[in-house]
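Me: I am new to this one. Please take a close look at one part, the loops, and walk me through some residues there.

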Amino acid sequence: MKRTLGVCYYPEHWPETQWAEDAARMAALGLTWVRIGEFAWSRMEPTPGTYDWAWLDRAIQTLGDHGLKVVLGTPTATPPRWMLDRHPDMLALDKDGKPRGFGSRRHYCFSHLGYRAECAKIVSAMAERYGKNPHVAAWQTDNEYACHATTLSYSNAAKSAFRNWLAQKYQSPDALNRAWGNVFWSMEYSDWSDIGLPNLTVTEPNPSHVMDFRRFASDEVVSFNRLQTDIIRKHSPAPIAHNYMGAVTEFDHFATGADLDIASWDSYPLGFLSDRIPAPADHKLRFVRQGDPDFQAFHHDLYRAVGRGRWWIMEQQPGPVNWAPYNPDPLPGMARLWAWEAFAHGAEAVCYFRWRQAPFAQEQMHAGLLRPDSAPAQAFGEAEQVARELAKMPDVGTAQAHVALIFDYASDWAWEIQPQGRSFSYFWLVFHIYKGLRRLGLNVDILPSDTADLSAYKLVLAPGLFTLSEPLKAALAAHQGTAILGPRTNSKTENFAIPVPLPPNLPGLDAKVIRVESLPPDVPVPLAEGGNLLHWREKLEATATVTEMAEDGWPALVSSGRLHYLAGWPDDQALTRILHRACAAEGVETDPLPEGLRRRDTATHRFLFNYNPVPAEWGGVAIPPAGVHWTEL
Amino acid sequence: MKRTLGVCYYPEHWPETQWAEDAARMAALGLTWVRIGEFAWSRMEPTPGTYDWAWLDRAIQTLGDHGLKVVLGTPTATPPRWMLDRHPDMLALDKDGKPRGFGSRRHYCFSHLGYRAECAKIVSAMAERYGKNPHVAAWQTDNEYACHATTLSYSNAAKSAFRNWLAQKYQSPDALNRAWGNVFWSMEYSDWSDIGLPNLTVTEPNPSHVMDFRRFASDEVVSFNRLQTDIIRKHSPAPIAHNYMGAVTEFDHFATGADLDIASWDSYPLGFLSDRIPAPADHKLRFVRQGDPDFQAFHHDLYRAVGRGRWWIMEQQPGPVNWAPYNPDPLPGMARLWAWEAFAHGAEAVCYFRWRQAPFAQEQMHAGLLRPDSAPAQAFGEAEQVARELAKMPDVGTAQAHVALIFDYASDWAWEIQPQGRSFSYFWLVFHIYKGLRRLGLNVDILPSDTADLSAYKLVLAPGLFTLSEPLKAALAAHQGTAILGPRTNSKTENFAIPVPLPPNLPGLDAKVIRVESLPPDVPVPLAEGGNLLHWREKLEATATVTEMAEDGWPALVSSGRLHYLAGWPDDQALTRILHRACAAEGVETDPLPEGLRRRDTATHRFLFNYNPVPAEWGGVAIPPAGVHWTEL
Amino acid sequence: MKRTLGVCYYPEHWPETQWAEDAARMAALGLTWVRIGEFAWSRMEPTPGTYDWAWLDRAIQTLGDHGLKVVLGTPTATPPRWMLDRHPDMLALDKDGKPRGFGSRRHYCFSHLGYRAECAKIVSAMAERYGKNPHVAAWQTDNEYACHATTLSYSNAAKSAFRNWLAQKYQSPDALNRAWGNVFWSMEYSDWSDIGLPNLTVTEPNPSHVMDFRRFASDEVVSFNRLQTDIIRKHSPAPIAHNYMGAVTEFDHFATGADLDIASWDSYPLGFLSDRIPAPADHKLRFVRQGDPDFQAFHHDLYRAVGRGRWWIMEQQPGPVNWAPYNPDPLPGMARLWAWEAFAHGAEAVCYFRWRQAPFAQEQMHAGLLRPDSAPAQAFGEAEQVARELAKMPDVGTAQAHVALIFDYASDWAWEIQPQGRSFSYFWLVFHIYKGLRRLGLNVDILPSDTADLSAYKLVLAPGLFTLSEPLKAALAAHQGTAILGPRTNSKTENFAIPVPLPPNLPGLDAKVIRVESLPPDVPVPLAEGGNLLHWREKLEATATVTEMAEDGWPALVSSGRLHYLAGWPDDQALTRILHRACAAEGVETDPLPEGLRRRDTATHRFLFNYNPVPAEWGGVAIPPAGVHWTEL
């Protein structure tokens, strides 16, 4: 397969006279893909029911004429102002009950049936018109589902849909009462219409209530997306993608991914480091112009799983962005490094966002490949270099990883609902373990929690899974390799209750979590061999072998053969030791890397990426800051 | 009197088949009391007006059959879902005007007359049925009034009741205008219906307005509680308690206490340390698994006063809880220490919360004496030890303290309304002084602010009292001993104005507060003899003797004989010196204790409690971590 | 001109029997002015349409009888309670849509036409009655516009007025769509009634939308004020003032100032230091009882510009205030220092707030010249000293400054809307540069952004101007002196878009900002000559001379002759070097001052002010803490 580059473009933002020149420059730069259309509803349907396709026809034609392929986005993330006149109640309500209004984007509730019908209409019209267009080579549904925390809506539309969802699931209020334990505080319901959304309660609502609401809300995204994919498929053979975001877990991406052909994501390494990653100040300082050395790779591996192997970067940061608390300029070379890192992790395409910096409206301070005055910006030359390098590089393929790490959206909801300690986060626990693996130079495959086959992997990690699915239980039972579960793994029933017998309930491993504690960040639990548990520890009653012991005598890691249970959140030192030991046991070669240097093996090449602002050395090779180094395997 | 143990139990949470075994194990453990019923309204009255008492009859009978005594709770903290259909406007509104809805607990406005009538009905039905039941040996009204900040409601029901309360108090809007100083910003009212609740104003409302609202809101709790006690007393001879919380001051507990026979409180030492106590990080770290060494004792002494000598712990933390920012596991032995400390302070009973950890709903991560799988949890054995020890110990009685500390709920409201400096808090000022006294090994009695007789005390402290009540003024005038008042004592009129002549207006002590200042925590006011004033200092114009002087020449403590006025918030060093001097003057023996070690004398024994995570030594005795040591006096 | 002292007084707060004695003491103290009336609407018009002027007649007469001059305030900041019955929708709504209700002050929306009519009525009645009164020698409109963040209202009245304002400005929705770039996210409008206020959007609204809303809101303040000045001028020859606040930029003070004769402001140095100034902890600690050494001077210079030379302090802090997070007592002498500093900067009058501390209502903890018991407070003697000193001092006049600093309210709105980095603030950038100038001992004139004549100045600074106005462009082109612009200067079009060609677009200076970055406070950009850029840096493509270079090779200051562009926010070290160099080039003498010591030259005298809590030395003169020193020039 040929890896390709692309760009995001908004013909409606520019005079039509400029389109041909833009297209010519894109082609000359070596780009293959141009994504268009996803915010242009007010130009496609200026008044209700009246379409204007002429401009879009010409835009696609112009791009096609220059040999470019179009990714066509459905515009449902930005309904025009007139939509509100037709559906005044289509807005999502926030947790406080306030409507989230018009004037930016994503101002819709996923559960609003009237709005869904409008979406079906515009998507149908687009799919009919462009489904067979030779230049439309891929589709994108909507834009960044969940961005700006838009999955959860506390509207009447959502309430009504949630009640139906519950009725379908539980069949009777009594069954629901039992499943949720509503007797607890006289919270029992006698009718579906009694049930509200879990906001605005005096103190915390029942976690089972919230968990079902989170599942429901995720399902709403899935069915909203499916509404569009079903329509597009009727008219077009082109593959369909959605562009996900970083560290966004509000809906189950595996479930939406099942209806799509390609997973893609929008990679803004500096924005994410500034805005989302809870790293210490010295780490943020060191990587301020490069991004966290693992955050992008983690999402590459995650979305490769979501896309069942097919994945893209749909939006790649090219320079400073506008939306993070601080928006530094990337180190020269990073726009190249980020692209190559994506390709090394298997990306089919990397599209920079955006072609030309828009001088107006919300994102005017967001860099593009071109400056507002159409001169090349910093990333232009770097993209050009990547294009040249790609042209010379054979397909690097994808290597089979020896290590699998399970990622489960529902578990993130569960522990967000019930962190038990302020510093416990499922997402950051998984990422912490991912970083530990990467620091050892390992390739990692991320797998969903209903994975049924682990036979390709020598080492499997499944931290913090709310429940163990039946397929995964079976796969673990059949697994010939090392598995490390815990902490919190399998600690709840599907209904969000503590199971009896007590967790983790792992066949063949006699261990019970008899007590858990959450700890302030400055209260470590020292381990006998060095390092600590942090944030979270469990006290085990176990006959299984104690592989790691806390200094206070409680087991920290218990083992039965190749099955291990980790009773806490290990710090870097403890984690590295545990992973080393597991790799050694399975004959998986490790390669401890210096800070900020990362490695990825493909089928044919070994890639090294230097995220440091200073040169790094590895295996006798000096790699400059922001440098990429590859060797054939 | 025999000190006893008990437990909180929820028969409605468990299969009826399990009740007998549970009761047998409780009895075998040595428990006396079982509190039940307080959240079971949806099971008592599943649909409006239709009662189901059969299950509760059998539960009480089962417990009684095993020799256990029942504390029966009224279920008014958790009205069922159907209540909202009958009284849609019964919800409290928060300060922003948002309803505090169904789905957890305490979702009612104290002022809603319809809800009050429903409460009267269910309490009447319970009292009629169980008032003479031989196993029902005590009652509890509602549950944790004010918990989740539920005293203040900004509902229409509250507004209407507040207007009536004001009309009753002031008789005419003009009188109210004068009392509040409403001329200040043209805030004058001409009709009761003009008056709103003091929320949602552009900037701060008139403090007199807020103060009356706080008094009103407290009165509403008192009358809500009295509605229940009046009914219960008609039908039952058993004593009535309510279970208060820690560091909760939203209503006047002395006033509710006047209608009750027993004060009880819910003691969660680790939750409180994590969540409520504004202590420095090193203190929180040292006591993370034990709790603050004075917080429990303070409340024991406070509630002994509220209960006019009769008090219990109704809920005692047995292991990790679920609701604090961080929820560590108590050090082994703390569940015993906490119980003995309560007994040493005069508790009649200590009930652990709860019997078995509930695997479902909001508090599933809250430990019990039993694990969810019914095996004994850590505290089970400690409770057993306490039961054995109690059986061998004669009644320890209560010693008369030499030191009294005044605590006044209204003063906490006043300084919350008008802190004047961000770090001024009445509650923490009083607690700070309590800690100073305890570090000197002193027994302390806490007294209400309308105390009329101080003759039993050699030393009386009355910091921060908003106003001096007439009885207290008379008691101070008659007092043969040392009294230390200030800062801020008697600094306002009843109407929340500065009195002229200027405060503190103490007969016999010529001193006027002519200026006050609040200070950032890093701006100390050094004292000539060492130590500092912090947070708050007053400048005095005085002819009284200057006993402590600030380095800048202003008096810090002025004295006239045994009456002293303290012109600021002393730090530990200054406080200790001042207390030492006062004790020495009155011949009160002090015993400076090492960090984390605390002492309490009863009528017959001296108890020592080691709150440290390391051994402590005192008087040649080594006391292990979490250790309790007693000797006969 | 004779500089004078005054005081704020509220006859309605005190028994009429006290007025004469108060007036006599004011006169004896040496006061000239008494401001009254601004909160007394409920006494002027107790019920709608019924006026009671008798008390006010007598109050004015009493003051006049003692030789005092009255500043009469219109009471429109505190509409009485009955106003709400007449105009229930007159309240402003906050950003969340919640009404900002009755119970304090400033509870009105500037756009409410009904309320405006009521204001016109009461102002007309006052102006008719007192316009020719010989004792009413000045007027004040309303009180502290914008205080408590009251400029922006999200009410229906505001929405309707905003639509009209937009219609007037753009003439067609299409023109507005183009100006704002509404195509960006399908935000196009087809009718004026489509347009909402820019609150409650899902993510950030269009900055052009917000900018126009901010301009509109400022215009509403201007027209609200003009409504009153137009009426007063019809009936009274006395000058009209308004009392502005510190660090308040919500509306364009130059624009309101154009309708007034005098600018005045309310100077609370300790409150501002505690509450508003983002200074490091050690700075706040050092100046905790004195205030920031430059904050007052900055506002003096600013309001001298707003008042076109005529300005007052209408409210001067006399002791501790009640409203800041912490409220310390001023160092003895500061109430004198602050007054003299104001006079040195050209104040015509300084009025202390307030005569006697009110013992009741919201500001009871705010000191006055008298204590609540009518005894003199600390500041009384200091005011007396100033009065004596003034009597002996000839008019000090005003010196022409060599340095001008441009201040522009709209730029503060712009960068608040689009900070791009969390630590970027226009106001604090300008203040930072002002401090740099003052540390060099320079007199500074502040000028509005439409200044058309710079000929009086050797050095002009114009940092961060959103746009360069046509007059200022012309003035800069004609300027014979040094001008330093940037960062961010002229970086937007009037419509809030990035201009092409790229900024700063300065004739004669070939430099383009091709990329900007915002930086966390711990990420400095070191300069080759020492010091750093902080918070913000711009990358320039320039042929202009590079006067300052960053260590990474990018220009930091580029120059063409005497025109300079600064490509970032310089730290103290870099700023001082740049200012030194500019002053040296223009022959402007500098005088680097020790910390906390400040200097101001008038036409006749050199004044030195010691803001330190310790003595300072300068030119062989020792100045005590809080000391003022003057010498004839």
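Reply: Start with B:Pro501, which lies in the loop between strand 12 (482–485) and strand 13 (511–518) of chain B. Keep in mind that this is a predicted model. A cis peptide bond joins B:Val500 to B:Pro501. The omega angle there is about 5°.

Now turn to chain A. A:Pro487 sits in the loop between strand 12 (482–485) and strand 13 (511–518) of that chain. Here, too, there is a cis peptide bond, and it links A:Gly486 and A:Pro487. Its omega is about -5°. A:Arg488 is in the loop between strand 12 and strand 13 of chain A. A:Arg488 is not a glycine, yet its phi is positive, about 65°. With a relative accessible area of 1%, A:Arg488 is buried, because buried means under 20%.

Next comes A:Trp355. Find it in the loop between strand 8 (349–352) and helix 14 (378–392) of chain A. A:Trp355 has a relative accessible area of 0%, so it is buried. What does A:Trp355 touch? Leaving out residues up to four places away in sequence, its contacts include A:Val7, A:Cys8, A:Tyr9, A:Leu29 and A:Phe380. A:Asp22 is also one of the residues touched. The side chains of A:Trp355 and A:Asp22 make a polar contact at 3.1 Å. A:Ser374 is 19 residues from A:Trp355 along the chain, and their C-alpha atoms are 9.2 Å apart.

In an unreviewed UniProt entry, the annotation "binding site" covers A:Arg105, A:Asn143 and A:Trp323. Where is A:Arg105? Look in the loop between helix 4 (82–86) and helix 5 (113–130) of chain A. A:Asn143 is in the loop between strand 4 (136–140) and helix 6 (156–170) of chain A. Is A:Arg105 buried or exposed? A:Arg105 is buried, because its relative accessibility is 7%. A:Asn143 counts as buried as well, at 2%.

The contacts link these two residues. For A:Asn143, the contacts include A:Phe39, A:Ala77, A:His242 and A:Glu315.

Conventions: Residues are numbered from 1 along each chain as its sequence is written. Chains are lettered from A and ligands numbered from 1 in the order in which they are written. This is a predicted model: local features need pLDDT of at least 70, side-chain atom pairs count only at pLDDT 80 or more; totals for chains, interfaces and linings use all residues. Side-chain values use heavy atoms; hydrogens and water are left out. Helices (H or I, at least four residues) and strands (E, at least two) are DSSP runs, numbered from the N terminus. Buried means under 20% relative accessible area, exposed over 50%, partly exposed in between (1.4 Å probe, protein chains only). Contact means heavy atoms within 4.5 Å. A polar contact is a pair of N or O atoms within 3.5 Å; within protein, one must be able to donate a hydrogen and the other to accept it, and residues adjacent in sequence count only if both atoms are side-chain atoms. UniProt positions are given in the numbering used here, feature names are shortened, and annotations may be inferred rather than shown by experiment.
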